[in-house]
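These are my notebook entries on the model, kept in the order in which I looked things up. I began with the contacts between chains and then turned to a single chain and a single residue.

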Amino acid sequence: MTETIQLALKTLEAQLNQPLETALEACARCGLCAEACHYYRAEPKVEHIPAFRAEQLRSVYRYEHDFLSRLFPVWTGAKKLDEPMLANLTEIAFSQCTLCRRCTVNCPLGVDTPLMMRAIRAMATASGTAPEILVMLADAAIEKGKDPSFYKEMFLEQIKEMEEQLRDVTGDENATIPVEKQGAKILYVPLAGAHTILPPAVVFNAAKEDWTLSIFEASNYGVFLADVNRAKQVAKRIVDEANRLGVKEIVIAECGHAYASYRWDVPNWFAGQFDFKVRSLIEVLGDYIREGKIKVDPTAIPEGVTYHDSCNLARNGGLIEEPRYVLKNVAQDFREMTPNKDEAICCGGGGGLVALAEYAERRIAAGKPKADQIKQTGAKVVVAACENCRLQIGDINEHYNLNVKTTAITDLVVRAMRLPKPLPGHEAEYLFEGEGAAIARE
Amino acid sequence: MLTFQLLALAGLLAGLYGIYIRYIETKRRALPADNSPLKGNPSHGIAYAFTKGMMPWAKESTRLHMIAYLRGIGFHIGIFTSIGALLISPFWRNLPPLLSSTLIWALTIGALLGAAGGLMRIIEHNLRGLSLPDDYFAVWLVTVWMAVSAVAVWNEAWMPAYYVLSAITLAYIPLGKIRHCLYFFFSRTFFGKFFGRRAVFPHPESMK
Amino acid sequence: MSEAKLFLDFKGLLCPMPVVKLAQAIKQIQIGEMLEAVATDPGVMADIPAWTRTTGNELVTLEKREDKTIRFVVKRAK
């Protein structure tokens, strides 16, 4: 047995808790999960049935753990793990499953196939066979946490420039983007890039929020690797920052996996050091609208708008009605996709897939069911509250000629706030109607 | 007959012991605590998972494959009827005729539904692609057991064969795929806890 | 002008795509050679230095230009 295989098996053993063993044992191979998977819907073949994928790990588990399988491996399909099998498992877990859990909710037994795919991802990461780019991105994020000084000066310069843009578009000379503000109520954690900083900054300033911007980004590639050690190190940067500043809550940018991990996993990883609430920016936007802290013009967006439920936000995160509340307040013509909410079809971009260029063709092919859904709505604007989903919808938009615009919820809210000037890059969307402008500042 | 009855009892006890061992082994594994702040209610999620969540209209998959799902439900009701029938088998001859014929029909229907499932595994491309020897053996074993149960309720001459088959079937439960009967409870419980905590199932707004 | 062997246009790409593309592109040049890229997403100001630090490659230049684009030169060291 090679060292790679030993490491992979050791990692499987280490993960073998009650939920994982249950997932490995419970499947009756009834095949009802087939159509739940967007890969199967796009290309119906046995290999695309979630149960078939899971079976590849089960065969390894049975060989190691099952009495009957040890005596008669052929009877239960048990196999001794070897390098080609590990390579196959790795490819399945990283390129044919976005961890969306649609198969789980459609399974009569509730088998958690993504949990098994995560187990494989962890085995691949530990044995050094996981996709290199995900490891690089996770390690780069950890590096930023170790010593932010190497980029902090440049980062602050960028923020100063953004602050000028903020003042320009809002017409508010006092608008700010505070960084490392001690005692702020909210620590807002963006993604890398201005597009997740400037629009929320507009909203926070309009709502007169006591907030501060994180110097780190919310995305966590350790989560995609199912490497809890790396994922914790990435998350620790933000947990430490929140503790250092003494904030009351962390607000996560529109990002599916970041919200799901900070809301549902990170409190468990950092039990005892986690005294703040975690909310999505979507929830905060909803509160501001509900409480009248920001004024939005419900007629500002006349074109048909549809919403794509990110699997991490909706099915795995519980944010189902919150985005709809916001959108119904800013979009005149809101149209649901079918199916939606907990039954929403994955766009194909989750699980770190958008960062894996080697699987781009497969990813876009698996996006076909989502493309069909979008087409059926006839909407011109597709809103997604997750960066990976937006990137994927952008790609399928081009590939399947959908002719739609992909945008974030915050961008639409800012548009509905009718600023004196449009946000950079959003000029074409704005209809300036003189006196209608800037009501949000009133 | 007592020998055959004792054989069946031994099979039942072996099956129960095997399932108990599996239960203990799984319970011995770590159960990660979830201390993330609640949005919904895990208990409500578990209740949902075992009730409304099992309804044929609750999931897209079962709406799409309603007949296959109902066949499976019927088959499993047949299996539990079979187990119940075994426990009262010494008193079969004392059953009122109506109850006796109802039992025969229930077991026959269960066996027919099992046979349909067994045939589907052979005929249907996806199911064939997913199936292992264990799957074919398990479905036909249980189906034949139910069929023989029905015949034995009707005709006493089949009792020895019935008890032998009962022993084999029950003893096989923990060894092969039939042990999913135990993991069903684990799985739906974890499902309910996960989605209940997140207020996905039951979803408060849509009242699903 | 740099002595870059490869020129890449990352304008319009949002993070992490510049890093993803850079990691792919660096394999196209030899050790000791350089590549030059232009990006617009300010996230690269932190992501590119972090990537070079973790991968052991050398960040020769990283600058914000008048036109608001960000230019950087990376030398392959591994």
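**Entry 1: chain B against chain A**

I looked up the charged pairs first, and in this predicted model the count between chain B and chain A came to 9 salt bridges. One that I noted by name joins B:Glu60 to A:Arg41, where the closest N and O atoms are 3.0 Å apart. For residue pairs in polar contact, both at pLDDT 80 or more, I found a count of 33 between chain B and chain A.

I then asked which helices of chain B each supply at least two residues of the side that touches chain A. They are α1 (2-28), α3 (60-64), α6 (125-130), α7 (133-154) and α9 (180-197). Of the elements on that side, α9(B) gives the most, with 11 residues. Sorted by class, the side of chain B that touches chain A has 26 nonpolar, 13 polar and 19 charged residues.

For the extent of this interface, I recorded 58 residues of chain B in contact with 59 residues of chain A, and a buried area between the two chains of about 5000 Å², of which carbon and sulfur atoms give 56%. In chain B, the residues that lose the most area to chain A are B:Arg29, B:Glu60 and B:Leu130, which together make up 14% of what that side buries.

**Entry 2: A:Glu21**

I followed B:Arg29 across to chain A, where the side chain of A:Glu21 makes a polar contact with the side chain of B:Arg29 at 2.7 Å. A:Glu21 lies in helix α2 of chain A, residues 18-26. Is A:Glu21 buried or exposed? Its relative accessibility is 3%, so A:Glu21 counts as buried, the cut-off for that class being under 20%. Leaving out residues up to four places away in sequence, I listed what A:Glu21 touches: A:Leu16 and A:Tyr61 in chain A, and B:Glu25, B:Thr26, B:Arg29 and B:Tyr183 in chain B.

**Entry 3: chain A against chain C**

I next looked up the interface with chain C, where 24 residues of chain A are in contact with 25 residues of chain C. The area buried between chain A and chain C is about 2100 Å², with carbon and sulfur atoms giving 67% of it. A:Met136, A:Met154 and A:Gln158 supply 22% of the area that chain A buries against chain C, more than any other three residues.

Between chain A and chain C I found 6 salt bridges, including the one that A:Glu143 forms with C:Arg53, whose closest N and O atoms are 3.3 Å apart. The rule also finds 6 residue pairs in polar contact across this interface, both residues at pLDDT 80 or more. On the side of chain A that touches chain C, α10 (132-146) and α11 (149-170) each supply at least two residues, and α10(A) gives the most, with 8 residues. By class, that side has 14 nonpolar, 3 polar and 7 charged residues.

**Entry 4: chain A as a whole**

Along its principal axes, the C-alpha trace of chain A spans about 80 × 50 × 35 Å. Buried residues make up 67% of the 442 residues in chain A. Among the contacts in chain A with a separation of 6 or more, residues 24 or more positions apart account for 77%.

How values were computed: Residues numbered from 1 in each chain as written. Chains lettered and ligands numbered in written order. Predicted model: local features only at pLDDT ≥ 70, side-chain atom pairs only at ≥ 80, totals over all residues. Heavy atoms only, no water. Contact = heavy atoms within 4.5 Å. Buried area = accessible area lost by both parts, 1.4 Å probe. Salt bridge = Lys/Arg side-chain N within 4 Å of Asp/Glu carboxyl O. Polar contact = N/O pair within 3.5 Å; in protein donor to acceptor, adjacent residues only side chain to side chain. Helix = DSSP H or I, 4+ residues; strand = E, 2+ residues; numbered from the N terminus. Nonpolar A, V, L, I, M, F, W, Y, C, P; charged D, E, K, R; others polar. Buried < 20%, exposed > 50% of the residue type's maximum accessible area, 1.4 Å probe, protein only.
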